[in-house]
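Please keep the sequence and the three-dimensional view at hand while reading.

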Amino acid sequence: MSKPEVKVARVISALWPGGVEKKLTVLLPKLRDRGADVQVICLKEAGELAVELEKQDIPVTVSKMSSRLSPFGLWRLRRLFIHEKLDVVHTHMYRSNTSGTIAAKLAGVPVIVNNIHNVDSWDNKRQIRTDRIVSRLRDCTILVSKGVAADYIEKVPIETEKSRIIYNGVDTDYFR
């Protein structure tokens, strides 16, 4: 009997060429090859890297949000999470972290994870206050370096057992 797949949605604003987005195009096929059923949900538009993921059989869906706290957008995203019967929602960057976390909680997704990729990710204090509230809904926050962890934990105090530092991997074959 084969091990059941874990259904994972990675949530991001769009898949335009950037560091986080390019990491997803490398990482998601590897997760799929290890038995995860992975997909990407974009909250603004697909972006040009969506084509690259779809060529690798990673589905990309757009669930437009007019703003990160739009009631209609959150409800639509919640319905999508329920329809997909997701086991894990993994969000990236502030706006997607906020919307994806709230919708996943409303949908009853068993595991909610977010990624913090940068130092000083917020535009203003209201965003920091929002993230302090929303962070309580998550099961884990992944921080990509000690510097990112120090910055995030200073602004959004989270329980240490709910955070992990996981450095971005680098495929050294690319440089040969």
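Cys42 is buried, at a relative accessible area of 0%; buried means under 20% relative accessible area, exposed over 50%, and partly exposed in between, with a 1.4 Å probe and protein chains only. The model is predicted, so local features need pLDDT of at least 70 and side-chain atom pairs count only at pLDDT 80 or more, while totals for chains, interfaces and linings use all residues. Residues are numbered from 1 along each chain as its sequence is written, and side-chain values use heavy atoms, with hydrogens and water left out.

**Cysteines**

- The structure holds zero disulfides, a disulfide being a pair of cysteine sulfur atoms within 2.5 Å.
- Cys140 is also buried, with a relative accessible area of 16%.
- Cys140 is placed in strand β6; helices (H or I, at least four residues) and strands (E, at least two) are DSSP runs, numbered from the N terminus.
- Apart from residues up to four places away in sequence, Cys140 touches Ile112, Val113, Asn114, Lys162, Ser163 and Arg164, where contact means heavy atoms within 4.5 Å.
- Between Cys140 and Asn115 there are 25 residues of separation in sequence and 8.7 Å in space, C-alpha to C-alpha.

**Largest pocket**

- The largest pocket contains about 640 Å³ of space.
- Pockets are found on a 1 Å grid over the protein atoms alone: a pocket is an open set of points where a 1.4 Å probe fits, with protein on both sides within 12 Å along at least five of seven lines, and lining residues have an atom within 4 Å of a point.
- Grid points are joined across faces, edges and corners, and the volume is the space filled by probe spheres set on the points.
- The largest pocket is lined by 23 residues, of which Lys23, Val26, Leu27, Asn168 and Gly169 are the closest to its centre.
- Two or more lining residues come from each of α1 (19-33) and β4 (88-92), and α1 gives the largest share, with eight residues.
- By class, the lining comprises 12 nonpolar, six polar and five charged residues.
- In this classification, Ala, Val, Leu, Ile, Met, Phe, Trp, Tyr, Cys and Pro count as nonpolar, Asp, Glu, Lys and Arg as charged, and the others, Gly among them, as polar.

**Nonpolar cores**

- The largest nonpolar core has 18 residues, and Ile41, Leu77, Phe81 and Val89 have the most contacts inside it.
- At least two residues of this core are supplied by each of β1 (6-12), α3 (71-84) and α4 (94-107).
- A second, separate core has 16 residues, including Val8, Leu15, Val38 and Ile58.
- A nonpolar core is a set of buried Ala, Val, Leu, Ile, Met, Phe, Trp, Tyr and Cys residues joined through side-chain atoms within 4.5 Å.
- With neighbours within four places in sequence set aside, Leu77 is in contact with Ile41, Leu43, Ser63, Ser99, Gly100 and Ala103.

**Helix α6**

- The buried residues of α6 are Val148, Ala149, Asp151, Tyr152 and Lys155.
- Their cover includes β5 (111-116), α5 (125-134), β6 (140-143) and β7 (163-165).
- Lys155 belongs to α6, which spans residues 146-155, and is buried at a relative accessible area of 18%.
- Not counting residues up to four places away in sequence, Lys155 touches Asp120, Trp122, Ile128 and Arg132.

**Loop residues and backbone angles**

- Gly35, in the loop between α1 and β2 (36-42), is partly exposed at 30% relative accessibility.
- Gly35 and Glu5 are 30 residues apart along the chain, yet their C-alpha atoms are separated by 5.6 Å.
- Beyond its neighbours within four places in sequence, Gly35 is in contact with Glu5 and Val6.
- Pro59 is found in the loop between α2 (49-55) and β3 (60-62) and is partly exposed, with a relative accessible area of 42%.
- Leaving out neighbours within four places in sequence, Pro59 is in contact with Val38, Gln39 and Val40.
- Most residues other than glycine have a negative phi.
- Lys85 is not a glycine but has a positive phi of about 50°; this residue lies in the loop between α3 and β4 and counts as exposed at 65% relative accessibility.
- Met93, likewise not a glycine, has a positive phi of about 75°; this residue is found in the loop between β4 and α4 and counts as partly exposed at 28% relative accessibility.
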